[in-house]
Amino acid sequence: MLDNLNKDWKIHLKEELYKDYFFNLTNRVKQEYSNYTCFPPIDNIFDSLNFCLLSKLKVVIIGQDPYHQESLANGLSFSVSKDVKIPSSLKNIFKELNTDINKPMPNNGDLTYLSKQGVLLLNSCLSVRINSPGSHYNFGWEIFTDKIISIISKKKNNVVFLLWGNKSISKSKLIDTNKHLILTSGHPSPLSANRGYWFGNRHFSKTNEYLKNKGLEKIYW
């Protein structure tokens, strides 16, 4: 499984990768993928890191766990493969992008183009069993992804963290607010968005304004 994690992140995570919990985590994940249908495909588990190197990173969006329905999850939080229907949470993200920066509604939900600009689309949990949301939460993924957030906070400057929903907002304690910008709002899921906790947050224009003020290139959302 680790063969699919790029060398750049392996260097920064080298101490973590040899801890007992991570050994147990990888074994449990391999067992799950052997015995059940799980997502994303095992070769794509670390794609959020592989497509966004620490040296290029400017923005972090923290999701929960991957989509648990067939053929949706592609290793990036909120993102789906080009040939599948856009999920409702991602539709709401696109609606806010349209309102905030006048971005036209795209015809697919593949967010790889953001990763390649320095947007880390990180889920708190990197795998899930089919039709069982949260099924891999007790494996140790959150220890691992919390470490990733801490490394970013420590080693980088002027990163924008977009924390949507209470689970993501709880990660604020890992982030040095003297060095970075945290923007929070409700989750883009219909349950939260339709209650007024998502639409109008203007996180995308605020992110670019912050990056511009820090002399960094904006994100082409």
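This is a predicted model: local features need pLDDT of at least 70, side-chain atom pairs count only at pLDDT 80 or more; totals for chains, interfaces and linings use all residues.
Phe22 belongs to helix α3 (residues 20-35) and Phe144 to helix α7, so the contact ties together parts 122 residues apart in sequence.

**Aromatic contacts**

- Phe22 is buried at a relative accessible area of 1%, and Phe144 is buried at 0%.
- Trp164 and Phe204 form an edge-to-face pair, because their planes stand at 75°, with ring centres 6.1 Å apart.
- Trp164 is in strand β5 (residues 160-164) and Phe204 in helix α10 (residues 203-213), so this pair ties together parts 40 residues apart in sequence.
- Trp164 counts as buried at 1% relative accessibility, and Phe204 is buried with a relative accessible area of 1%.
- One aromatic cluster is formed by Tyr21, Phe22, Phe46, Trp141 and Phe144.
- The charged end of Arg129 sits over the ring of Tyr36, 3.6 Å from the ring centre.

**Helix α7**

- Helix α7 (residues 141-155) has 15 residues and spans 21 Å from first to last C-alpha, close to the expected 21 Å.
- Buried residues in α7 include Trp141, Phe144, Ile148, Ile151 and Ile152, as well as Thr145 and Asp146.

**Cavity**

- There is 1 cavity of 30 Å³ or more, and the largest cavity has a volume of about 80 Å³.
- The lining of the largest cavity has 13 nonpolar residues, with no polar and no charged ones.
- Ile61, Ile93, Leu111, Leu114 and Phe204 lie nearest the centre of the largest cavity.
- Helix α5 gives the largest share of this lining, 4 residues, and α6 (112-115) supplies at least two.

Notes. Residues are numbered from 1 along each chain as its sequence is written. Side-chain values use heavy atoms; hydrogens and water are left out. On a 1 Å grid over the protein atoms alone, a cavity is a set of points where a 1.4 Å probe fits but cannot get out, and a pocket is an open set with protein on both sides within 12 Å along at least five of seven lines; lining residues have an atom within 4 Å of a point. Grid points are joined across faces, edges and corners, and a volume is the space filled by probe spheres set on the points. Ala, Val, Leu, Ile, Met, Phe, Trp, Tyr, Cys and Pro count as nonpolar, Asp, Glu, Lys and Arg as charged, and the others, Gly among them, as polar. The expected span of a helix is 1.5 Å times one less than its number of residues. Buried means under 20% relative accessible area, exposed over 50%, partly exposed in between (1.4 Å probe, protein chains only). Rings of Phe, Tyr and Trp (its six-membered ring) pair if their centres lie within 6.5 Å; planes under 30 degrees apart count as stacked, over 60 as edge-to-face and the rest as tilted. A charge sits over a ring if NZ of Lys or CZ of Arg is within 6 Å of the ring centre and within 35 degrees of the ring normal.
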